[in-house]
Amino acid sequence: MLNISDQDFTRLVGFVKSNYGIDLSKKRQLISSRLSSTVAGMGYQNFTGYVDHIVSKKSGKDNEIMLNKLTTNYTYFYREKNHFDFFRDTILPYVVETKKKNRVMSIWSAGCSSGEEPYTITMLIKEFLGSQASSWDTRILATDISHDVLSKAKTGLYEEESLRELPPEWKRRYFIPVKGAPGTYEVSKALRTNVIYRTFNLMNPIQFKLKFDVIFCRNVMIYFDQDTKEALVNRFYQASNPGAYLLIGHSESLNKERTPYDYIQPATYRKNEDSI
């Protein structure tokens, strides 16, 4: 394993923080262990040349490989079940009632990783609306900074282990066993066409066409320092409709005194219905 010098560590941490919002200031060992093989594989004898390359590029495949190695994209369908139960029992009835005139839901999976979250949201919506689903626009915006995980999400192929928390009838209804690949399933067309995947850096201004009724941003802000997290949450707030919900990871929390959102329950926040 290659050791990273103080100077290279400071440069890399500063670059990643300013461009992607990710705080690696306490991850020196992780950087060395996860990037050493990449550095050597690119022909560098130490981290200096590699950091020079990353900083000069500012974007591109090598930067994406670095981010993928330094962040964990582990997820599965129906992860953090309490959130999805609350979405089904409380959020969806509210959205359906308030949007019954134009029948357009605006939901964002921010940091969607390999697609399990937006596909789970889609299944819940379809189950809730039943025969009325076709009369609604329920398309979900799903974004991530990584082209690799978005490519996997669009492909829609998953191992059986990833489906372990789903009700058996959902597995039968929304997934197709892949011939010649035991234990591998493909998401149905009904799920695939309901999700719009886009590459997006959460450090950028949020300027999408519609404001959101629900934002899922779970297990993403664990990589951000407090100032970066608060700035992102404020951008989420401005990009949301009155009464909209924000769901974050259960290992995350917001400062109740500093966030504009109202606290509802652990990892669940809401914009006041009377706000502008």
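The structure is a predicted model, in which local features need pLDDT of at least 70 and side-chain atom pairs count only at pLDDT 80 or more, while totals for chains, interfaces and linings use all residues. Residues are numbered from 1 along each chain as its sequence is written, and side-chain values use heavy atoms, with hydrogens and water left out.

**The sheet**

Helices (H or I, at least four residues) and strands (E, at least two) are DSSP runs, numbered from the N terminus. Seven strands form an open sheet of mixed pairing, in the order β6-β2-β1-β7-β8-β10-β9; two strands pair if DSSP finds at least two bridges between them. At the edges stand β6 (195-199) and β9 (262-265), each with a single partner strand, so one side of each has no neighbour in the sheet. From one strand to the next the twist averages 20°. Axes are lines fitted to C-alpha atoms, for helices over the stretch in contact, and angles run from 0 to 180 degrees between N-to-C directions.

Helix α7 (residues 147-155) touches β2 (140-144) and β6, and its direction makes about 165° with that of β6. Helix α10 touches β1, β7 and β8, and its direction makes about 140° with that of β8.

Strand β7 (residues 212-217) is largely enclosed by the rest of the structure, because six of its six residues are buried, that is, under 20% relative accessible area, against over 50% for exposed and in between for partly exposed (1.4 Å probe, protein chains only). Three bridges join β7 to strand β1 (residues 107-110), and the two run parallel; Trp108 has Ile215 of β7 as its bridge partner. Strand β8 (residues 240-248) also runs parallel to β7, joined by five bridges. Phe212 stands opposite Ser240 in β8, and Phe216 opposite Leu247. Together β7, helix α10 (residues 226-238) and β8 make a right-handed β-α-β unit; right-handed means that, with the strands pointing away from the viewer, the path from the first strand over the helix to the second runs clockwise.

**Nonpolar cores**

A nonpolar core is a set of buried Ala, Val, Leu, Ile, Met, Phe, Trp, Tyr and Cys residues joined through side-chain atoms within 4.5 Å. The largest has 43 residues, of which Ile31, Met66, Trp108 and Phe236 touch the most other members. Helix α1 (6-20) is one of the elements that give two or more residues to this core, and α1 gives the most, with six residues. Apart from it lies another core of 39 residues, including Tyr174 and Val214.

**Salt bridges**

| Pair | Distance, N to O |
|---|---|
| Asp6 and Arg28 | 2.8 Å |
| Lys99 and Asp213 | 2.8 Å |

Lys99 is buried at 17% relative accessibility, and Asp213 is buried at 7%. Asp6, by contrast, is exposed at 53%, while Arg28 is partly exposed at 32%.

Note on methods. Contact means heavy atoms within 4.5 Å. A salt bridge is a side-chain nitrogen of Lys or Arg within 4 Å of a carboxyl oxygen of Asp or Glu.
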